[in-house]
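Visitor: I have a structure here and some questions about how its chains are put together. Could you walk me through it?

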Amino acid sequence: MVLRGKVRRMAFLELRNISKSYGKNRVLDKVSLTAEKSEFLVILGASGEGKSTILNIISGVIRPDEGEVVIDGQVVDDSNKTYVPPELRDIGYVFQNYALYPHMSAFDNIAFPLKMRKLPEEEIKKRVREVAEMLRISHVLDHKPSQLSGGQQQRVAVARAIVKQPKLLLMDEPFSNIDPALRASVRWEIKTLVKQVGITTVMATHDQEEAMSLADKILILHKGKIIQTGTPEEIYNRPVNTYVADFVGGMNILPANILIPQIESIAELKSLSVENIGYIGFRAEHTRLDDEGIKGRVIGSEYRGDKWVVLADIGSDKPVKLYLTTKVNVDDTIRFLPSRIYFFDSQGSLVDTKTLV
Amino acid sequence: MASLSDAILVIIVLSVIIPLGSLILISFMPPGERTFPPVHYTLDNYFYVLDKLKFYQNMFNTFYFITLAVLISLVISIPTAYAIARLPINYHLWVLTVGLVILVKSLPPGSLLVPIYDWLWRLKLTNTPLGVAISYQVYTLPYTIWLLTSFFLDLPREIEVAARLDGAGSFSRLIHVILPISIPGIISAVIMNYLNLWNEYMYSSVMVSSSRYQTAAVILGQMVSSEYVVEWGVMAAANVLSIIPALIFVSFVQKNISRAITGGIKG
């Protein structure tokens, strides 16, 4: 029993209290994260929040000022004497701009990591063909990167990253250079592939939709700190604060003093009032028209096939967004009810959520 | 205003064409004749230069020494430039290397003539092609390092990081990734070195005393400074001959030259 407290199960990838500053600018502030084997981790943050810095610290290209990096039970960087250089870390990396070798054919690009490992020629050919088959780029293997389409370049980059069957796959905004029309299908393919290969993956993105669709676990990075970790459902259903609520899924967040008078006049909501509330939020997809509801004036209305996207002015400085099933016209006065309400304190931290029937 | 700039252009073009044209005309002037433009035309001067003076041998020497010098420079400059541009070397070492390159590049080449001659003499390398090529490093080495460093600095960093993550050490990265994508930069360096050294006189004349290893530029110099009669026709013919390879070379690599000249600023 005494021992149990000391035994610490180690995750496959662990960052412990990583800090990194550039001059006076503290990019990462005691960031810790863990990933289990075969887990798909997504670091979600606005641009300039240090997502790439985390990936670069995991890969060893950048060294942290403080903290430890552990991969597969081995401390690869303790921000002191222990430092395993990137070339020995066994990591596959997909760059935002793919960083393919321009002078090599697609085949040679994919084969390069295997050549560096001095695998026999036959083995290299076999493995490159296998992975090319998986990514459906077998027919362009003799093309130079400049002759490939953006999507094909990206697949070559992914193939190069996974062909050596690395311990870890890191991806830095891998879909941002892909045609938006193709993005969803490419994303789906990558997700299937990564699951099939069973490789532990860390991806950095600023796109919450990408994060939601790919991640087993999302980490939200803001001002150098990880402010929330959880499954996509957890993040969506219980955002820790107004920043996350707005960033993931774009919640309508209003100062409580604007909404409370309206709420108090509504019998259904009155019983829900909570102490010490600074902000109240609800999501567009959780709203419906209701004669007893909050009053607003429609200032914009767009038909999207499955729904009407409506902007309504309810007396706050920002209009609220609603998804409705019936048509409303601009300048109409409507009454609506949110079916799920989030309560935040004056600092913006989540206090409670209530679901209305 | 257009007419003024046109006039300036015409003057500049004439200042090139008139001496060059006169040179070509004089090279066809029969020996002993003193009228210009020549009344009679002859190829005697060319026969004399090639047949009697074996001037092609001197031109070959020039080419041979420059080639050797450029090869030595590349072997030294490529790793040096790469280290300056990219490797996390010790800061003091970095400053020392860069400082040395800039120092040598800005010194007048003649200031190093005596120590280099002294050195090569002790190593018994004077009067050898290798010795001349080594002395040429005064020109080629700082220039090549400087040009390649700026070229390496402009290469996308991600590609190198990608190579590192693919398991390539610094030497493999240089050989398999950096060098192949640096070929345009290396070609620029080679071209500029050939053009800069084709007329080199000072080191070529001092490092070599035997007639066997004299370069074309040195022979031309001797023709003018000879204590006997200056044979204008012969000298002009030799001059024209020595221009030809440079001319051919330039016409072949014209496209690369502008890139090479601006390469120092932006690869």
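**Strands, domains and the chain contact**

Guide: β13(A) pairs with strand β14 (residues 308–313) of chain A in the antiparallel sense, over six bridges. Pairing requires at least two DSSP bridges between two strands. This is a predicted model, where local features need pLDDT of at least 70, side-chain atom pairs count only at pLDDT 80 or more, and totals for chains, interfaces and linings use all residues. Residues are numbered from 1 along each chain as its sequence is written, while chains are lettered from A and ligands numbered from 1 in the order in which they are written.

Visitor: Which residue in the turn of the β13(A) and β14(A) hairpin has a positive phi?
Guide: Four residues lie between the two strands of this hairpin. In β14(A), W308(A) is the bridge partner of Y303(A). The turn residue with a positive phi, of about 85 degrees, is G305(A).

Visitor: How many bridges pair β13 with β16 in chain A?
Guide: β13 covers residues 287–303 of chain A and β16 covers residues 333–338. Strands here are DSSP runs of E, at least two residues long, and helices are runs of H or I, at least four, both numbered from the N terminus. R297(A) stands opposite T333(A) in β16(A). The pairing is antiparallel, and the bridges number seven.

Visitor: What separates the centres of domain 1 and domain 2 of chain A?
Guide: The bounds, from an automatic or database domain assignment, are 10–241 for domain 1 and 247–355 for domain 2. Their contact takes seven residues from domain 1 and eight residues from domain 2. Taken over C-alpha atoms, the centres are separated by 38 Å.

Visitor: Which element gives the largest share of the side of chain A that touches chain B?
Guide: The contact takes 16 residues from chain A and 15 residues from chain B. On the chain A side, β6 (91–94) and α2 (106–116) each supply at least two residues. The largest share, three residues, comes from α2(A).

Visitor: How many helices are there in chain B?
Guide: The C-alpha trace of chain B spans about 75 × 60 × 30 Å along its principal axes. Chain B has zero strands. Its helices number twelve.

Visitor: Is α4(B) largely buried or in the open?
Guide: A residue is buried if 20 or more other C-beta atoms lie within 10 Å of its own, exposed if 12 or fewer, and partly exposed in between, with C-beta atoms placed from the backbone. Of the 16 residues of α4(B), one is buried, so α4(B) lies largely in the open.

Technical notes. Two residues are in contact if their C-beta atoms, placed from the backbone, lie within 7 Å.
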